[in-house]
Amino acid sequence: MTTIIWPKQFSPVEDAENIKKACQGWGTDEKAIISILGHRNLFQRKLVRLAFQEIYHQDLLQQLKCELSGNLERAISLWTLDPADRDAVLANETLQKSDPDYRVIIEIACIRSPEDLLAVKRAYKFRYKHSLEEDLASFTTADIRKLLVGVTSAYRYDGDEFDETVAQSEASTLHQEIHGKAFNNEEVIRILSTRSQAQLNATFNIYKDIYGHSINKGFPGGDYFSTLRTVIRCIRDPKKYFAKVLRSAINLEETNEDALSRVIVTRAEKDLKDIKELYLKRNNISVDEAVAREWSGD
């Protein structure tokens, strides 16, 4: 007779107690913390955090910050946060840097759903007492400011329908405004910050049909056009974009730990499986192997 071994029942109280035990005594048992939080979904992690607060009258995140350090502390803390709060923290962190990574803002503004983006902006305002758009305007300048504030302020239509006539017209407008003698970013920003993903992809497809190359080809140099290219890539094919971010982060002489952990943590419960498959297909090595080769320890 075959004995059926049922999976252990999830208990947020037990998880909270075991995390507390891992933080006591000489040294922290990082592996125990990883084995618990690394195998809990969003809803379960929220319950563990609530249980920890109720039992010990302490925020679990504060406990983790005291016990862990470096890349592990950052990854575990981001993983434990609610997604909207996590994105708010990521956005604020990048804006505080002397050389901000605008990809963080663009990923949040152009890849998250309209409702998710709204939740991020609410979380940001609650946490930092001013709006994300306000901080973007304060920490950026010129055309980059207009572009980032524009895409962040949007509440796009989230369906699959699109208007082919509009796509035809705006493909022509984008080509004229980007490659014309008198560059005009107002129309470019209007189109990219107000149209739905489906509408923009229809426009990008028609653009390629008419002009024989993708819209990103032949951009002039400079920070603004680099930022514009990232916006288009995030809207065009988010999974392909994230696979490229992972490849760039891993292949640098010094691995970009922030980008690597950001993609893995924010996409783990979304589409990381698809991103990993695309990464393997394009790089002949799995993300798991690449990360294990570049990183060590916890």
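How many nonpolar, polar and charged residues are in the lining of the largest pocket? Hi everyone, let's start there. The lining has 12 nonpolar, six polar and three charged residues; here Ala, Val, Leu, Ile, Met, Phe, Trp, Tyr, Cys and Pro count as nonpolar, Asp, Glu, Lys and Arg as charged, and the others, Gly among them, as polar.

A word on the source. This is a predicted model, where local features need pLDDT of at least 70 and side-chain atom pairs count only at pLDDT 80 or more, while totals for chains, interfaces and linings use all residues. Residues are numbered from 1 along each chain as its sequence is written, and side-chain values use heavy atoms, leaving out hydrogens and water.

Now, the pocket. A pocket is an open set of points on a 1 Å grid over the protein atoms alone, where a 1.4 Å probe fits, with protein on both sides within 12 Å along at least five of seven lines; lining residues have an atom within 4 Å of a point. The largest one has a volume of about 810 Å³, meaning the space filled by probe spheres set on the points, which are joined across faces, edges and corners. Of its 21 lining residues, Ala75, Ile264, Val291, Trp295 and Asp298 are the closest to the centre. Helix 5 (70–80) gives the largest share, five residues; helices here are DSSP runs (H or I, at least four residues), numbered from the N terminus.

Finally, glutamate 67, in helix 4 (residues 60–67). Glutamate 67 counts as partly exposed because its relative accessibility is 25%, between buried (under 20%) and exposed (over 50%), with a 1.4 Å probe and protein chains only. Thanks, everyone!

Definitions and conventions. Helices (H or I, at least four residues) and strands (E, at least two) are DSSP runs, numbered from the N terminus.
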